[in-house]
Amino acid sequence: MSYNVSFISLGCAKNQVNCEQMMALCAEAGYSIQAQPEGCDVVVVNTCGFLASACEEAIENILEMAELKNAGQVKKILVTGCMTQRYKEDIFHELPEVDGLLGTGSYGDIATAIAEVMEKGEKPCHLGNIHTANQSGERILSTPPWYAYLRIAEGCDNHCAYCVIPSLRGKYRSRPMNELLDEAAELASAGVMAVIGTYGSAVTEASQNIIDEAEIMQIATGSTSVRLTEKGLPLFFRTCPRDDEQGRVASKVIAAKGFKKVAILHDNSSYAKGLAEEAQKGLKDAGVPVVFYDALTPSERDYTAILTKLKAADPD
């Protein structure tokens, strides 16, 4: 049977990619995806569970959906993501409004879970292996049309005392390079102008290979100007703090590609400033002029506003 399904994605970019993959799986199963939860058969709340504030936000969203359910505007509520993985024993007890849950190792079971809750009246609880969960798959992009996220790696092996990521996302593993290249090229061919990569210790090699082989920069810009920004125009790979070579690597790749001038934009975080400074130094050493260098305000973080600022600085 066909059902109307709505998704709410909370938390980080990786969570958003997981949500996009779940939407694609639902579409493949013949379900209809709708933007607003009102009137849907199933609403899926994809949660973050890293901080207490994130869990509070997730609970607030679940309770809002419960109100719609009580009003007859939503039939079933499924909860997925990191909060379900972290508090799997408590969710059904503390939130009886929830009709089913999927952990971070079971995103691929979303279509099955919907069928179970709608057709069989079950209360599904899918908690697959978080260390081997598939990272690839088709997606229905939920970002604006000019950018998309590219997940390079998952999990973490550090097991820091203050961090729960290994218990939520499993062991560290990078996606195969051929998958990254193929997905980056697919995104570019679909009109995506910015690829924002989620962090990973293999990110430096991945970013250079993707630029070299998939030629995202040329596809994205179509000119000799390159826009680098902490938000990803046209290409930015978010790195771990330990990977402090990314700015210099980016500058070398840009110089090798023969771009004639570069505009560097960054936000006001210390990390973004450091990355931008590294790139600027590397480009100067390579003889590539930086025609514009500035920080973005929150109101400028949309594509058209950024282009306006760049064109004003360099009409060519």
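Trainee: In what order do the strands of the open sheet of six strands lie?
Mentor: This is a predicted model. The six strands form an open sheet with parallel pairing. Read across the sheet, their order is β2-β1-β3-β4-β5-β6.

Trainee: Which strands stand at the edges, each with a single partner strand?
Mentor: In the order β2-β1-β3-β4-β5-β6, the strands at the two ends are the ones to look at. Each edge strand has one partner, so one of its sides has no neighbour in the sheet. The edge strands are β2 and β6 (125–126).

Trainee: How many bridges join strand β3 to strand β4?
Mentor: Strand β3 covers residues 40–47 and strand β4 covers residues 74–81, and the two run parallel. Bridge partners in this pair include asparagine 46 with threonine 80 of β4, and threonine 47 with glycine 81 of β4. The number of bridges joining β3 to β4 is seven.

Trainee: Which residue of β3 is the bridge partner of valine 5?
Mentor: β1 and β3 pair in the parallel sense, and five bridges connect them. For valine 5, the partner in β3 is valine 42.

Trainee: How many of the eight residues of β4 are buried?
Mentor: Buried here means under 20% relative accessible area. In β3, eight of the eight residues are buried, so β3 is largely enclosed by the rest of the structure. β4 is also largely enclosed, because its count of buried residues is six of the eight.

Trainee: At about what angle does the direction of helix α2 stand to that of β4?
Mentor: Helix α2 (residues 52–70) packs on the sheet and touches β1 (4–9), β3 and β4. Helix α5 lies across β1, β3, β4, β5 (100–102) and β6, at about 145° to β4. For α2 and β4 the angle is about 165°.

Trainee: Are α1 and α5 parallel or oblique to each other?
Mentor: Helix α1 (residues 13–28) and helix α5 (residues 110–119) have axes 8 Å apart, at an angle of about 60°. Met22, Leu25 and Cys26 of α1 meet Ile110, Ala111 and Ile114 of α5. By class this contact holds six nonpolar, no polar and no charged residues. From the angle, α1 and α5 are therefore oblique.

Trainee: Is glycine 30 buried or partly exposed?
Mentor: Glycine 30 sits in the loop between α1 and β2 (32–33). Its C-alpha is 5.7 Å from that of serine 2, although the two residues are 28 apart in sequence. With a relative accessible area of 40%, glycine 30 is partly exposed.

Trainee: Is serine 136 buried or exposed?
Mentor: Serine 136 is in the loop between β6 and β7 (147–150). Leaving out residues up to four places away in sequence, serine 136 touches Gln21, Arg175 and Glu179. Its relative accessible area is 17%, so serine 136 counts as buried.

Trainee: What is the distance in space, C-alpha to C-alpha, between lysine 123 and glycine 100?
Mentor: Lysine 123 lies in the loop between α5 and β6 and is partly exposed at 44% relative accessibility. Not counting residues up to four places away in sequence, lysine 123 touches Phe92, Pro96, Val98, Asp99 and Gly100. Lysine 123 and glycine 100 are 23 residues apart in sequence, and their C-alpha distance is 4.9 Å.

Trainee: Among contacts in the chain between residues at least 6 apart in sequence, what percentage join residues at least 24 apart?
Mentor: The chain has twelve helices and 14 strands. Pairs such as glycine 30 and serine 2, 28 residues apart in sequence, are 5.7 Å apart in space, C-alpha to C-alpha. For the contacts asked about, the share joining residues at least 24 apart is 72%.

Trainee: What percentage of the residues in the chain is buried?
Mentor: The accessible surface of the chain comes to about 14,400 Å², and carbon and sulfur atoms hold 51% of that surface. Of the 316 residues in the chain, the buried share is 52%.

Conventions
Residues are numbered from 1 along each chain as its sequence is written. This is a predicted model: local features need pLDDT of at least 70, side-chain atom pairs count only at pLDDT 80 or more; totals for chains, interfaces and linings use all residues. Side-chain values use heavy atoms; hydrogens and water are left out. Axes are lines fitted to C-alpha atoms, for helices over the stretch in contact, and angles run from 0 to 180 degrees between N-to-C directions. Helices (H or I, at least four residues) and strands (E, at least two) are DSSP runs, numbered from the N terminus. Angles under 35 degrees count as roughly parallel, over 145 as roughly antiparallel, 65 to 115 as roughly perpendicular and the rest as oblique. Contact means heavy atoms within 4.5 Å. Ala, Val, Leu, Ile, Met, Phe, Trp, Tyr, Cys and Pro count as nonpolar, Asp, Glu, Lys and Arg as charged, and the others, Gly among them, as polar. Buried means under 20% relative accessible area, exposed over 50%, partly exposed in between (1.4 Å probe, protein chains only). Accessible areas come from the Shrake-Rupley method with a 1.4 Å probe; for residues, only the protein chains shown count as cover. Two strands pair if DSSP finds at least two bridges between them.
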